[in-house]
Amino acid sequence: MSLLYWLQSIRNPVLDAIFSVITRLGEETILMVVGMFILWCVNKKWGYRFFLVGMVGNTLNQLLKAIFLIPRPWVLDPEFPIVESARAAATGYSFPSGHTQTAAGVFGTLAMWIRKSWVTILCIVMSLLVGFSRMYLGVHTPLDVGVSLITAPIIVVGLNWLMDRFENKPKAVLGLLLGALVFALVLVLYVNFAPVREANNPEFDAHGRKSAWVCFGTMAGLLVGWLFDEHHLHYETKAVWWAQLLKVIIGAALVMGVRIGMKPVLAAIFGEAQFTNGIRYFLMALMASVIWPMTFSFFGKLGQKSETTAEVK
């Protein structure tokens with residue numbers, strides 16, 4: 001806590017604002033936006049890698065949280081003040097840092113994909129900045145951040161190595177995706193059936209169960225999406241720039257529409273049951289990987305006529 005108290009002593013409104021923005025690079029929305037853009041507009045293979053790294057990383061992160069049950073810094077030390085704007089996103093147990101895990105996973109995969117020195121350096125810096133922001137804001141300890149900065153690169157390198165080996169082996173890729181789904185199922189079972197201990201916090205436990213179902217539902221949807229594309233759809237990502245922009249804007253709006261719109265519908269049917277989060281994120285993943293890509297042949301044709309006419313002239 002001594003480092004956190006020192007960081008608290010140098011806080012000021014300008015730094016608070018800067019690190020409150022930087023810390024958002026580790027939020028779930030960043031993984032979704034980056035992953036969908038790459039999946040829809042750039043490269044399907046790497047789009048699925050982004051999501052796979054993110055889901056496996058989040059699953060491991062949530063499992064470690066549920067096993068160790070380490071409370072947040074302000075719970076460990078009630079006298080410790082945090083930057084209040086960060087409290088809303090600081091849910092669940094403290095160890096390890098989920099924001100750092102997500103950021104290091106996203107930026108690490110980006111570095112593995114582009115493989116240019118300046119990109120790698122930038123990705124390392126951004127990952128470290130997100131981790132530092134969690135400590136500056138007072139919502140994580142150095143141990144929380146440090147462990148995520150270790151586990152995330154291991155997952156990035158390990159999964160990308162496996163995907164490189166399995167690139168032309170669909171059955172092996174299917175096995176890897178099924179393994180990730182089983183891992184998420186292990187998390188769901190653990191957070192729902194593990195014996196309650198003295199360190200358990202009901203509020204943090206509830207968030208952990210929600211996150212477990214999110215991981216499982218998302219992974220199940222991605223698996224179905226990959227299978228559907230592999231055997232039936234075979235969509236292309238190419239389109240003129242403005243058609244790509246439309247794909248991202250409309251597609252992201254549809255996915256977010258499922259995320260927001262299905263919540264009250266499922267609540268009306270099942271009440272506050274946590275498994276509804278799994279259903280909701282499964283439907284979001286289906287929208288992103290199956291339903292919306294069905295329109296890509298249309299988007300691929302947009303602008304072709306005008307381009308052909310321009311070339312003739």
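This is a predicted model: local features need pLDDT of at least 70, side-chain atom pairs count only at pLDDT 80 or more; totals for chains, interfaces and linings use all residues.
Residues are numbered from 1 along each chain as its sequence is written, and side-chain values use heavy atoms, with hydrogens and water left out. Local features need pLDDT of at least 70 and side-chain atom pairs count only at pLDDT 80 or more, whereas totals for chains, interfaces and linings use all residues.

**Helix packing**

Two packed helices are described by the angle between their axes and the distance between the axes. Helices (H or I, at least four residues) are DSSP runs, numbered from the N terminus. Axes are lines fitted to C-alpha atoms, for helices over the stretch in contact, and angles run from 0 to 180 degrees between N-to-C directions.

Helix 4 (residues 44–68) and helix 8 (residues 142–165) have axes that come within 10 Å and cross at roughly 140 degrees. Helix 4 is therefore oblique to helix 8; angles under 35 degrees count as roughly parallel, over 145 as roughly antiparallel, 65 to 115 as roughly perpendicular and the rest as oblique. The crossing of helix 4 with helix 8 is right-handed, a term used if the near helix is turned clockwise from the far one by less than a right angle. On the side of helix 4, the contact (heavy atoms within 4.5 Å) is made by Trp46, Arg49, Leu52, Val53, Val56, Gly57, Leu60 and Asn61. Helix 8 contributes Ser148, Thr151, Ile155, Val156, Leu159, Asn160, Met163 and Asp164. Nine of the residues in this contact are nonpolar, five polar and two charged. In this scheme Ala, Val, Leu, Ile, Met, Phe, Trp, Tyr, Cys and Pro count as nonpolar, Asp, Glu, Lys and Arg as charged, and the others, Gly among them, as polar.

For helix 10 (residues 202–233) and helix 12 (residues 275–291), the axes lie 7 Å apart at an angle of about 30 degrees. These two helices are therefore roughly parallel to each other, and helix 10 passes helix 12 in a right-handed crossing. Among the residues of helix 10 that meet helix 12 are Lys210, Trp213, Val214, Gly217 and Phe228; those from helix 12 include Asn277, Arg280, Tyr281, Phe282 and Leu286. By class, this contact has 13 nonpolar, seven polar and two charged residues.

Asn277, in helix 12, is buried at 7% relative accessibility. Here buried means under 20% relative accessible area, exposed over 50%, and partly exposed in between (1.4 Å probe, protein chains only). Apart from neighbours within four places in sequence, Asn277 is in contact with Lys210, Trp213 and Val214.

**Salt bridges**

A salt bridge is a side-chain nitrogen of Lys or Arg within 4 Å of a carboxyl oxygen of Asp or Glu, and by this rule the count comes to six.

| Salt bridge | N to O distance |
|---|---|
| Glu27 and Arg24 | 3.5 Å |
| Arg259 and Glu28 | 2.7 Å |
| Glu84 and Arg87 | 2.7 Å |

The bridge between Arg259 and Glu28 links distant parts of the chain, with Arg259 in helix 11 (residues 241–270) and Glu28 in helix 3 (residues 28–42), 231 residues apart. Arg259 is buried, with a relative accessible area of 18%, whereas Glu28 is partly exposed at 32% relative accessibility. Arg87 is partly exposed at 33% relative accessibility.

**A proline in helix 11**

Helix 11 contains Pro264. Pro264 is exposed, with a relative accessible area of 52%. The C-alpha atoms of Pro264 and Arg209 are separated by 19 Å, the two residues being 55 residues apart along the chain.
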